[in-house]
Amino acid sequence: VGTELICQEQMLCDDIFGRSLFSRKQREAHSAPGWKLFGKVPLRESPPKDSKIIQQEYEARASKSDQSPSLPTQGRRKNLEFEPLSTTALILEDRPASLPAKSEEEAQRHRQEYDEMVAEAKKRELKEAQKKKKQMKERFKQEESIANAMVVWNNEILPNWESMRGTRRVRDLWWQGLPPNVRGKVWSLAIGNELNITSGFFLFYSLFHVLELYCCGTVEKENSDSFADRESSLDLIKLDISRTFPPLFIFQKGGPYHDLLHSLLGAYTCYRPDVGYVQGMSFIAAVLILNLEEADAFIAFANLLNKPCQMAFFRVDHELMLKYFAAFEVFFEENLPRLFNHFKSYNLTPDLYLIDWIFTLYTKSLPLDVACRVWDVFCRDGEEFLFRTGLGILRLYEDVLLQMDFIHIAQFLTRLPEDTPSERLLSCIANTQMISSNRKWAQVFNALIKDKEMEKSISPTVKTS
């Protein structure tokens, strides 16, 4: 009997708590919403909702007091220029009924803050619109200028190249920048072809290079030293090509110009084994390939590297390189005395930054479009303009460099800012005078060469005495 009574009591409790209380709570759970930070949302038992739906539900509840039921849930906000997010809604809307209402002062402050935010946003939008309009206007002006210059170059200058290239009008047009579609042709004419190379040279040496690659490692070489040099050049070419204008990804393996660049550099090393391949050549060759046909690019490349300054650097003629650095310092002190003394106080010599600039003709240090502008005038003025460009860069960043120590100066000059402005740089170059004590670049450089020759001629006499 006792056992039966216990069982009946247990069943009664289960019926009371299970049917009456727990079932009621479950029903309430389905009907009563829960609370999160910014509004009512269903409890966890309900399937999760998208964040956009939750925000719409909140906005509907928050604006219900000011809207009629027939209006859409976002009707009041359709007059705004943009849809406020939750944080904006906190400023604009009243709090839920279960929370303390805002005071009049707080509501007024929130409205004022919101108005200020909107005004600031409109101001920024207006400023951005004006900036874009100005950029578009400058772009159209530049495109019109390029189109007009292209007509002049194609119809007047290039057909009469020899008679017009030295005129003041052509030199001024040259300084303003060559139109892209005539740039390669003008470069080729300005560089010249003193080596009398033909397109057949390129075909022959590129084929020779291919055969060399095919035979490499399969045939024993009689001259092991020369073979080792050639193999070293080939490895260096492969390595350097992968690091040539990597953001463009047109010269790396798989890119459209990879094989052509490799072929041109390999052909040059076959044509000039006495020079071989030197790091930095890939950048020069790449710029020529972008502006000329492959055979013309090879001819221009070989003749450009045959110029006295480039040959001195690529053959690593230390004595001649020191003369170039000494001449550069003469004009450095003349144009930028404060910065010159600052560099001198840290014993910072030009070779720390000039070597990289000269080896790559600024194609690695400056943005490609700016480097092409430098090349335009370099083809017009020759090696002097390379060192004048170096002084222009130092002038452009003089104020920054004066605040730096040795390490930071060296790092800055080897990795110039990627947003170097072309017009400001060219303005700094134009303000750099290549005259020292009434002597031009060529006169200063030749005087240094003569001094060196005199030292050589005197030194044997001193030794014998």
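Twelve salt bridges are counted here, a salt bridge being a side-chain nitrogen of Lys or Arg within 4 Å of a carboxyl oxygen of Asp or Glu. This is a predicted model, in which local features need pLDDT of at least 70, side-chain atom pairs count only at pLDDT 80 or more, and totals for chains, interfaces and linings use all residues. Residues are numbered from 1 along each chain as its sequence is written, and side-chain values use heavy atoms, with hydrogens and water left out. Helices (H or I, at least four residues) are DSSP runs, numbered from the N terminus.

- Side chains of opposite charge can pair when their charged atoms come close.
- Asp 376 forms a salt bridge with Arg 183, and their closest N and O atoms are 2.8 Å apart. This pair links distant parts of the chain: Asp 376 is in helix H17 and Arg 183 in helix H7, 193 residues apart.
- Asp 376 counts as buried because its relative accessibility is 0%. The cut-offs on relative accessible area are under 20% for buried, over 50% for exposed and in between for partly exposed (1.4 Å probe, protein chains only). Arg 183 is buried too, at 10%.
- Glu 156 forms a salt bridge with Arg 169, with 2.9 Å between the closest N and O atoms. Here Glu 156 lies in helix H4 and Arg 169 in helix H6, 13 residues apart.
- Glu 156 is partly exposed at 32%. Arg 169 is partly exposed at 42%.
- Glu 104 and Arg 111 meet in a salt bridge (3.6 Å, N to O). Glu 104 is exposed at 56%, and Arg 111 is partly exposed at 38%.
- Arg 171, Arg 380 and Asp 381 are linked in a network of salt bridges.

**Helix H7**

- Helix H7 has twelve residues, 180-191. At 1.5 Å a residue, times one less than the number of residues, H7 should span 16 Å. Its end C-alpha atoms are 17 Å apart, which agrees.
- Which residues of H7 are buried? They are Val 182, Arg 183, Gly 184, Val 186, Trp 187, Ala 190 and Ile 191.
- These buried residues pack against several helices, including H4 (104-157), H6 (168-175) and H17 (368-381). Contact means heavy atoms within 4.5 Å.
- Gly 192 follows H7, and its phi is positive, near 80 degrees.

**Aromatic pairs**

- The count comes to 33 aromatic pairs. Rings of Phe, Tyr and Trp (its six-membered ring) pair if their centres lie within 6.5 Å; planes under 30 degrees apart count as stacked, over 60 as edge-to-face and the rest as tilted.
- Phe 328 and Tyr 353 form an edge-to-face pair, at 6.3 Å centre to centre and 65 degrees between the planes. Phe 328 is in helix H14 (residues 318-335) and Tyr 353 in helix H16 (residues 351-359), 25 residues apart. Both Phe 328 and Tyr 353 are buried.
- Phe 343 and Tyr 353 also pair edge-to-face, at 6.1 Å and 75 degrees. Phe 343 is in helix H15 (residues 337-345), ten residues from Tyr 353.
- Phe 343 is buried, with a relative accessible area of 1%. For Tyr 353 the value is 2%.

**The loop between H4 and H5**

- Pro 159 is found in this loop. Buried or exposed, with what relative accessible area? Pro 159 is exposed, at 53%.
- Leaving aside neighbours within four places in sequence, Pro 159 is in contact with Trp 153 and Asn 154.

Notes
Helices (H or I, at least four residues) and strands (E, at least two) are DSSP runs, numbered from the N terminus.
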